Amino acid sequence: MEAKMSKFFDSVGNFFTGGDNIPWCDRDIIAGCEREVAEAATEEQKNDSMMRLSWALVHSRQTDDVNRGIGMIEASLDKSTSPLQTREKLYLLAVGHFRNGNYVRSRQLADRCLEIQPDWRQASSLKKAIEDKIAKDGVIGIGIATTAVGLIVGGIAAALARKKLYT
């Protein structure tokens with residue numbers, strides 16, 4: 001019974017806190033990746049460093065970083081040399097759009113990743129986080145709309161009651 005209660009409270013907590021398991025990246029890591037790109041000696045090293053920097057940027061808490069990461073990945077997507085590389089870039093784009101709140105685009109990209117590799121756990125996990133976020137936003141939207149309707153109906157009822165008092 002205690003385990004069921006704990007699971008229930010964890011799910012309620014996750015509902016209000018976001019509960020996704022996508023990691024965050026701080027400015028120190030991004031700065032290190034930027035140095036790595038600048039110091040890359042070969043084109044291959046630079047490409048690898050750019051992928052790490054893109055990863056760090058889309059996992060940042062800063063919207064500007066996330067947007068920069070999305071731009072870098074989009075610019076390099078057509079230069080992908082393998083389905084694995086394309087899959088990785090699509091996944092990072094999906095994470096970036098998820099972080100920016102563009103859940104529809106993020107889900108489309110996660111679906112494309114799963115078309116390339118249907119059993120990829122990372123993309124499946126991201127897709128679940130996206131769907132959970134969409135559902136959560138829908139529930140919150142319904143709650144806000146219900147509250148607004150309640151306030152309007154209450155205001156009308158109060159105005160009618162007040163009108164009856166003065167007539």
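## Largest pocket

Fifteen residues, given here as a count of 15, line the largest pocket, and N47, M50, S76, K79 and K89 are the ones that lie nearest its centre. The model is a predicted one. The volume of the largest pocket is about 340 Å³.

Three helices each supply at least two residues of this lining: helix 3 (43-58), helix 4 (63-77) and helix 5 (83-99). Helix 3 gives the largest share, with six residues. By class, the lining of the largest pocket holds five nonpolar, six polar and four charged residues.

## Helix 3 against helix 5

The axes of helix 3 and helix 5 come within 9 Å, crossing at roughly 25°. Angles under 35 degrees count as roughly parallel, and helix 3 and helix 5 are therefore roughly parallel to each other. The crossing of helix 3 with helix 5 is left-handed.

On the helix 3 side, the contact is made by M51, W55 and V58; on the helix 5 side, E88, K89, L92, V95, G96 and R99 take part. The residues of this contact divide into five nonpolar, one polar and three charged. K89, listed here in the contact with helix 3, is also one of the residues nearest the centre of the largest pocket.

## Helix 4 against helix 5

Helix 4 and helix 5 have axes that come within 9 Å and cross at roughly 155°. The cut-off for a roughly antiparallel pair is an angle over 145 degrees, so helix 4 and helix 5 are roughly antiparallel to each other. Helix 4 passes helix 5 in a crossing that is left-handed.

From helix 4, the residues in contact are V66, I70, I73, E74, S76 and L77, and they meet T86, K89, L90, L92, L93, G96, H97 and R99 of helix 5. This contact comprises seven nonpolar, four polar and three charged residues. S76 and K89 both belong to the contact of helix 4 with helix 5, and both are among the residues that lie nearest the centre of the largest pocket.

## Helix 5 against helix 6

Helix 6 covers residues 103-116, and its axis comes within 8 Å of the axis of helix 5, with a crossing angle of roughly 160°. Helix 5 and helix 6 are therefore roughly antiparallel to each other. Their crossing is left-handed.

Helix 5 contributes P83, T86, R87, L90, Y91, L93, A94, H97 and F98 to the contact, while helix 6 contributes Y103, R105, S106, L109, A110, R112, C113 and I116. Eleven nonpolar, three polar and three charged residues make up this contact. T86, L90, L93 and H97 of helix 5 take part in the contact with helix 6 and are also listed in the contact with helix 4.

Terms used:
Residues are numbered from 1 along each chain as its sequence is written. This is a predicted model: local features need pLDDT of at least 70, side-chain atom pairs count only at pLDDT 80 or more; totals for chains, interfaces and linings use all residues. Side-chain values use heavy atoms; hydrogens and water are left out. On a 1 Å grid over the protein atoms alone, a cavity is a set of points where a 1.4 Å probe fits but cannot get out, and a pocket is an open set with protein on both sides within 12 Å along at least five of seven lines; lining residues have an atom within 4 Å of a point. Grid points are joined across faces, edges and corners, and a volume is the space filled by probe spheres set on the points. Helices (H or I, at least four residues) and strands (E, at least two) are DSSP runs, numbered from the N terminus. Ala, Val, Leu, Ile, Met, Phe, Trp, Tyr, Cys and Pro count as nonpolar, Asp, Glu, Lys and Arg as charged, and the others, Gly among them, as polar. Axes are lines fitted to C-alpha atoms, for helices over the stretch in contact, and angles run from 0 to 180 degrees between N-to-C directions. Angles under 35 degrees count as roughly parallel, over 145 as roughly antiparallel, 65 to 115 as roughly perpendicular and the rest as oblique. A crossing is left-handed if the near helix is turned anticlockwise from the far one by less than a right angle, and right-handed if clockwise. Contact means heavy atoms within 4.5 Å.
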